Amino acid sequence: MGMDQEEDEDSRRRMASLQAARAALRAGVERSRALSHALARSGTRIGEIQSRLQAAEAAVRPIRAPRDALEGAGPNIDRAVGPAAAVLKVFDAVHGLEPPLLAGAAATAQDLPGYLALVGRLEEALRFLADNCGLAAQWLADIVQYLGERGLADPRFVADLSQSLAKLKNPSAGDLDAGLLAAALDVLEAEFCRLLAQHSAPLTMPDPDNKPTTKPATITPPRIPAAAVQKLSLTLDRLAANGRLSYCTTAYADARGDTVSASLRALGLDYLREPAEDAQALSPSVELWGRHLEFAVRHLLEAERKLCVAVFERRPEAASACFADIAARAGILDFLKFARAVADARKDPIKLLRLLDVFDSLNKLRLDFNRLFGGKACVEIQSRTRDLVKRVVDGSVEIFEALLVQVELQRNMPPPADGGVPRLVTFVPNYCNQLLGDQYRSVLTQVLTIHRSWRKEAFDDKMLVDAVHNIVKALEANFDTWSKSYEDKTLSYLFMMNTHCHFFKHLKSTKMGEVLGDEWLREHEQYKDYYSQIFLRESWGTLAPLLSREGLILFSKGQATARDLVKQRFKSFNASFAEIYQKQSAWIVPDKDLQQRLCHLVVQAIVPVYRSFMQNYGPLVEQDGSASKYVKYSTEDLDKMLSTLFMPKQPRRTGSLQLRNSSGKITSAMTGLYRSASTLQ
């Protein structure tokens, strides 16, 4: 019993101990939870305290730094901040320029000089920033490095600031003004183009009736007012100073080149691009070419060169290059190419005249060419011009020196079958007259002088006269050869009469006649008279003796005999007259005065004799029933028939001279008025 009580008591004590332990554990858990909540609430405060401690540590770091480091930091900071402040002040000025510079075309149209001044200020500010921004950033970087190395600032702050300053050491232009200068330059480019477009109007060619002279014509000034030229020049200076010269030259060349091209297109220059191959067909175009080239050089390109010099005043090389571009766009090379086509045309005497025309035009513009195209930028124009001049000179001399040979080659050609003047005889004197005339003599002399100078030889005007004289003498030698080729002697006399008459009449009072002299002309006049007399004596002069009165007896016992003689003489006369008339009806005398004079002499030689014979002996025959068989012509019939002899049947073409190459083959000939033919007819 007692043991049971003890066991119960022991159990109660253990239960109480367990309950007490449970209560203690529960209390401990509650305290742990409370502590955990308290720690969680204090974590944020600890972070703030830690941050404050770090800031406090940074604030007190200079106090903890060495004294000499702290004393040196102040002056260094002052030296770095001064330039930085100046840079910032310029930045503020740049931002202040934005509104007026971004106003656009309205600002330039209203006050271009003011706008250019603003651009100049912006450029000056950007140059200052470019020169000093990097330096100021470097100084700031140095002081930051100083602070970092000596522990005078937070390392992280120092690192961030150093990185930012590094970007400012080498800033680009766009970084300095945010593209403000580029935008302003775009506005100036637009204004430059606007000024060009506003004042680029085509120029009209002067009255073509004003013949070109050796002196330069009055130069028409460019249609751009001086004020506009000044604006263009100032605008170009600003653009060129900022690396936009190439744009300016291109825009300028485009605008002015189009203007010059429009001026020339109005002239109708299609003939420059499709030249004919024949010199005669080229003649009208060559005359136009000379006038148009003078207009292009002296009126258009001369004015353009002056304008280029004024606009590109401080940039002569750019002015030369731009002018060369304008000249190319204007088609100056097309003018040279056309002249080259003339030089390359088929060989022809008329080609010599066209080549002299080309040389004369080029020579008149020689000083203009040297002045306009003498620079390096126009080297192609110079090269083509020199080549053209050489070809023109060589071609002219080649044709001129070949004239004598060509005249001699014609000697073997048959003369005209009708006894008329050969086309060669008509052509050569006229041609030589042209060469010796005022228009071509000095030009040909100059060409020959230049060509001889290339060979280190001399030449003078007398040598030209001698050369022409030799050509004429060769032609005179042809006369004898041609006259001997006629089977009918009387036709050869008529031929010689015609040719000598032509020489005398068509060379009298001409340049060539002056060169040959009056005595030479009188000789041809004498030859004309001489051959006309022989012609009359050997042909129509043989008819009058056929009507002789010899042997005729009019007494009654001899009438039958007389009648037979009269019939016989009428018959002989009729036969001879018909033969001569039929033959000579195909012959001609081209000169009207000579034809009338010759016919008059023939009439005087025949008709009076025939009339007298008819009056005296006609009745003897008329009494016969067969009178019409013997009296075939009345006096009036003879007069009419003889008065219409030797008249040209149709207008004859002017003569030509065929040119042959060294093998003797004809390579080219005249066309049109100077058309070639297989004979000298």
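Four helices, namely helix 14 (349-364), helix 15 (366-373), helix 16 (379-409) and helix 18 (441-454), each supply at least two residues of the lining of the second largest pocket, where helices are DSSP runs of H or I with at least four residues, numbered from the N terminus. This is a predicted model, in which local features need pLDDT of at least 70 and side-chain atom pairs count only at pLDDT 80 or more, while totals for chains, interfaces and linings use all residues. Residues are numbered from 1 along each chain as its sequence is written, and side-chain values use heavy atoms, with hydrogens and water left out.

A pocket here is an open set of points on a 1 Å grid over the protein atoms alone, where a 1.4 Å probe fits, with protein on both sides within 12 Å along at least five of seven lines, and lining residues have an atom within 4 Å of a point. The second largest pocket is lined by 17 residues, with Arg366, Asn370, Thr385, Arg386 and Val389 nearest its centre, and helix 16 gives the largest share of that lining, six residues.

Let me turn to the aromatic rings, where Phe, Tyr and Trp (its six-membered ring) pair if their centres lie within 6.5 Å, and planes under 30 degrees apart count as stacked, over 60 as edge-to-face and the rest as tilted. The count comes to 23 aromatic pairs. In one of them, the rings of phenylalanine 369 and phenylalanine 373 have centres 5.1 Å apart and planes at 70°, so the pair is edge-to-face. Phenylalanine 373 is buried at a relative accessible area of 2%, buried meaning under 20% with a 1.4 Å probe and protein chains only.

Methods. Buried < 20%, exposed > 50% of the residue type's maximum accessible area, 1.4 Å probe, protein only.
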